[in-house]
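Student: Could you walk me through this one, slowly, before I start clicking around?
Tutor: Gladly; have the sequence and the model open beside you.

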Amino acid sequence: MSKSRCSVALMSSVVASTKEANATGPKAVELVLVKEQNGVQLTNSTLLSAPRSPAEAQERETWSKKADFLLSVIGFAVDLANVWRFPYLCYKNGGGAFLVPYLFFMVIAGMPLFYMELALGQFNREGAAGVWKICPILKGVGYTVILISLYIGFFYNVIIAWALHYLFSSFTTELPWTHCNHTWNSPRCSDTRAPASSPDPNDTFRTTPAAEYFERGVLHLHESQGIGDLGAPRWQLTACLVLVIALLYFSLWKGVKTSGKVVWVTATMPYVVLLALLLRGVTLPGAVDGIRAYLSVDFHRLCEASVWIDAAIQICFSLGVGLGVLIAFSSYNRFTNNCYRDAIITTSVNSLTSFSSGFVVFSFLGYMAQKHSVPIGDVAKDGPGLIFIIYPEALATLPLSSVWAVVFFVMLLTLGIDSAMGGMESVITGLIDEFQLLHRHRELFTLLIVLATFLLSLFCVTNGGIYVFTLLDHFAAGTSILFGVLMEVIGVAWFYGVWQFSDDIKQMTGQRPSLYWRLCWKFISPCFLLFVVVVSIATFRPPHYGAYIFPEWANALGWAIAASSMSVVPIYAAYKFCSLPGSSREKLAYAITPEKEHERVDRGEVRQFTLRHWLVV
């Protein structure tokens, strides 16, 4: 009787162990016959793990909770552009009619690309460079997106520093951008806004207190003659930048265990503030006119190519694909996580946030237009001008203006910090997964990365720093991102194979992606991205800030920055091809075949050399 109980217990423990092992990946079970007693065969069971690479031998860190991952992805994707970019594009391109091309491109390209990156990172459990063991010759794509994320950090952290400066300045009884009685104000400053169509030529040169506070009080732009005359870093902005860098470091130094806790504040706070601002905004006079202008439907605008181009470019940039962040974040998921559901949830939240923020923005713009008796078009802007000039100007006219200003700039701070965390995590994860020495010293490496970012960001907090900021914003994160995403989807869907990729997803979720997703990855998304890349180059306009036109050498420098990231793809491909042994055909076979299939290449079985590989969907 006791022997039977022992046998049952032993079998239960073996089954439980097997189930636990299967939760993290497939295992083999070795049954060894020990002896035969009274006609009963007794066996000993041993779990055999598949051979693992050195990187896999060390157990990978995972998110403490599923919510940590979702909030991190949402916090990264929902950034400042959701507030300052989408509402303006919607207003400019036919109001509610703009949602037609926006949602169309979201369904055929945005969601598929987002889903692809989450699945790619989760299955391979490595950063942006390491995942390219699926196609070694395209590993340069991973280094490209890491470099782009690093470039973005050079100027994106400066926006957060501006917001921090404004936050500190808001703790006063009278906001410093309310009147023209400060040392930084010029004779052109006027407390009243003149219409853009005013017949008085002197009105053209009038500026508002909010505009002068930003450009003269914060940036000290009047002390610079252009990008060739930067001056020294401003100590106030430098101090704010130091605080931002310190906050980033202590959020990232321990990996997702710490950053996953920070996002519970930084990813949720903006929604609380947006709701408070919406409830205040809709009660203001003129708010209804502003919201009506935001949503007014003009379907005739859909006949204009520029509307569709704006929608396509907005989709590419608003979701954050092509920066390696989604790959890095999902690489810390459990292997069996439902990445399909995550992609649907996060892309939907991103789009709804963009759309709903328009009500907040245009309720205040309608109020400003009515207050100054000017058309809404005169106050509607996008970019930093909206959140650092127009919105502060509106808040300054409200009762308890300092309180509302603190609330608003706390929202900007939290919107920016989790997006910056995502960009830094892309760089850190992408490199420590490639170099084990860095992995063993993550805290020190994180410190080096944020310090390098800080030193190069100092160029953006000088007197002429806004010119450096504009140049980086225009070139570092434009065509190069689109190029990186295009090469990424070609590498996954064509070289690795959409069928094999679907098999990988089935291993994780238990269900193969439907034909719709496979068609998007194979044909629709690459064509969409190729179209956007060509259009972005064909419609290129040199950067400018206000009336300032950048010199030719600055534009050449900008293109060099863009080319420095894109050129990594062909340079690494040439290096990889030349470094492999064998004939040209053998080199190509090893270069485009996943590392786990190299044994089949040794036997002459290269599925990429068959027609079926390229035609199957």
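**Cysteines and a helix**

Student: What's the handedness of the link between cysteine 180 and cysteine 189?
Tutor: The link of cysteine 180 and cysteine 189 is left-handed, with -65° about the S-S bond. Please keep in mind that this is a predicted model, where local features need pLDDT of at least 70, side-chain atom pairs count only at pLDDT 80 or more, and totals for chains, interfaces and linings use all residues. Residues are numbered from 1 along each chain as its sequence is written, and side-chain values use heavy atoms, with hydrogens and water left out.

Student: How far apart are the sulfur atoms of that disulfide?
Tutor: The sulfur atoms of cysteine 180 and cysteine 189 are 1.9 Å apart, and a disulfide is a pair of cysteine sulfur atoms within 2.5 Å. The count by this rule is 1 disulfide.

Student: Is cysteine 303 buried or exposed? And cysteine 520?
Tutor: Cysteine 303 is exposed, at 72% relative accessible area, whereas cysteine 520 is buried, at 0% relative accessibility. Here buried means under 20% relative accessible area, exposed over 50%, and partly exposed in between, using a 1.4 Å probe and protein chains only.

Student: Changing topic, where is threonine 453?
Tutor: Threonine 453 lies in helix 20, which spans residues 442–457 and also holds leucine 448; helices are DSSP runs (H or I) of at least four residues, numbered from the N terminus.

Student: What does threonine 453 touch?
Tutor: Leaving aside residues up to four places away in sequence, threonine 453 touches Leu150, Gly153, Phe154, Asn157 and Met424, where contact means heavy atoms within 4.5 Å. Threonine 453 is buried, at 0% relative accessibility.

Technical notes:
Helix = DSSP H or I, 4+ residues; strand = E, 2+ residues; numbered from the N terminus.
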